[in-house]
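Hello,

Here is the structure I said I would pass on. My notes follow below it.

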Amino acid sequence: MKFTPAKPPFTGETLETLTVRLQARGEPAFRAKQILDWVYKKRARSWDAMTNLPKALRAWLDETFEFAPLTLVHGKQSLDVTDKLLLELGDQSLIETVIIRAPQEGVGLEHSRKTICISTQVGCAMGCKFCASGLLGLKRDLNAGEIVAQLLQVCYREDEHDPRAHSGLATFDNIVVMGMGEPLANYDAIIRALTIINAEWGLGFGARRITLSTSGLVPRILQLADEPLGIRLAISLHGATDEVREQIMPVNKAYPLAKLLPAVKAFSEKHGRMVTLEFILIEDINDSREQAEKLRDIALDLHAHVNLIPYNTVEGLPWKRPGIARQEAFADVLRRARVSVTLRREKGHDIEAACGQLRLKTEKARELSAT
Ligand code: SAH
Ligand code: SF4
């Protein structure tokens with residue numbers, strides 16, 4: 001289903017598109033930057049807050065654009081290591097944006113480094129067997145404005161205790177495109193959104209601190225390699241052979257490892273940066289020694305970093321994470337070959353635990369209360 005909002009969201013405009021619209025109105029050339037500055041640097045929360053704009057222009061902006069294409073429906077007041085923001089879109093669809101804090105010794109949580117996990121679709125069509133986001137299928141793509149607006153919501157929340165806000169900077173350290181949805185299945189919107197996020201006239205956020213995760217849409221990976229953006233790439237591998245991967249990720253039928261791995265290599269050679277291979281550890285599915293050895297060989301060949309993620313149980317799904325000893329044994333196979341590897345230790349606080357699951361719960365609760 002496609003959602004066409006009554007008014008396009010302002011956060012989907014680029015300097016170019018906005019300039020064209022304003023010029024057509026006979027506005028002076030500096031206006032576009034001035035308005036973008038209000039939104040992204042000064043964090044104005046309404047058109048009326050833009051006090052140095054003529055009243056008639058503010059009225060036109062209000063008629064022409066949706067100022068905020070999403071609203072916060074749920075977000076705790078207190079700060080936690082993982083803060084999930086449940087956001088509602090214009091058609092009442094729900095998405096999640098997650099703030100993940102890395103606690104540091106000696107400083108309060110409000111000063112910790114923050115990674116923001118953003119969503120790109122409502123639901124997901126890829127149908128990975130283990131994933132909460134895929135359970136309800138794809139409802140629709142997000143537009144660029146809805147993707148960008150998630151980060152402004154985070155700024156609104158974080159600005160008060162982050163001194164970076166005074167200089168008009170984004171009040172977080174990293175962005176991971178790892179929330180609900182397959183970002184490369186919504187290619188134009190994610191590229192446009194990342195352009196706005198990265199641009200000096202937009203959020204001004206460094207591309208090298210943005211990581212996009214994909215389940216492996218090969219043609220789009222190759223296309224992304226040619227974009228001038230310079231963002232980092234993570235691949236949801238989760239199986240080191242076609243046999244195992246196919247069992248849990250239907251995308252492997254169209255793009256088996258023989259197609260995926262060369263594409264990843266091409267991307268990494270073009271960018272000169274390590275790609276990350278994500279590998280969820282699921283008991284008795286992909287946690288064997290043979291899988292570890294195959295993964296080791298793939299990582300060495302691609303010169304990739306490996307991120308091992310103990311599976312987070314999803315309500316209604318049978319999968320489990322292996323015990324700690326088995327996780328460590330798996331990681332050791334990689335470590336011994338000097339593969340750069342991380343094994344997450346936190347329980348339920350990881351990015352993946354957060355993404356998709358809060359929405360699933362809320363959708364279920366809504367369904368229940370409707371019947
Ligand atoms: N669609 C993209 C990005 C969103 S998913 C992708 O698949 O890469 C982000 C990551 O969370 C992916 O690596 C995904 O496989 C993983 N993931 C999904 N469900 C999970 C779960 N229950 N436990 C741990 N990781 C999960
Ligand atoms: Fe979609 Fe990623 Fe979940 Fe697979 S893991 S269903 S691609 S969100």
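His238 counts as buried, because its relative accessibility is 5%. This is a predicted model, and what follows should be read as such. The residue sits in the loop between β9 (232–236) and α7 (242–248). His238 is not a glycine, yet its phi is positive, at about 60°.

Arg43 gives a second case: phi is near 55°, a positive value in a residue other than glycine. Arg43 lies in the loop that runs between α2 (31–40) and α3 (55–64). Is Arg43 buried or exposed? With a relative accessible area of 7%, Arg43 falls under the 20% cut-off, so Arg43 is buried.

Strand β4

Strand β4 covers residues 113–117, and four of its five residues are buried. Two pairings of this strand are worth looking at in the viewer. With strand β3 (residues 94–102), β4 pairs in the antiparallel sense, over five bridges. One of the residue pairs here is Ile99 with its bridge partner Ile116 in β4. With strand β7 (residues 174–177), β4 pairs in the parallel sense, over three bridges. For Thr115, the bridge partner in β7 is Asn174.

Cavities

How many cavities of 30 Å³ or more does a search of the whole structure find? The search finds three. The second largest cavity has a volume of about 60 Å³. Its lining is made up of Thr11, Val39, Phe67, Ala68, Pro69, Leu70, Ala149, Leu152, Gln153 and Tyr156. Helix α4 (residues 144–158) supplies the largest share of that lining, with four residues. By class, the lining of the second largest cavity has eight nonpolar and two polar residues, and no charged ones.

Ligand 2

Which residues surround ligand 2? They are Cys124, Met126, Cys128, Phe130, Cys131, Ser133, Gly134, Gly181, Glu182 and Ser215. Sorted by class, this shell has five nonpolar residues, four polar residues and one charged residue.

Regards

Methods
Residues numbered from 1 in each chain as written. Chains lettered and ligands numbered in written order. Predicted model: local features only at pLDDT ≥ 70, side-chain atom pairs only at ≥ 80, totals over all residues. Heavy atoms only, no water. Near = heavy atom within 4 Å. Nonpolar A, V, L, I, M, F, W, Y, C, P; charged D, E, K, R; others polar. 1 Å grid on protein atoms, 1.4 Å probe; cavity = no way out; pocket = protein on both sides within 12 Å on 5 of 7 lines; lining within 4 Å. Points joined across faces, edges and corners; volume = space filled by probe spheres on them. Buried < 20%, exposed > 50% of the residue type's maximum accessible area, 1.4 Å probe, protein only. Pairing = 2+ DSSP bridges.
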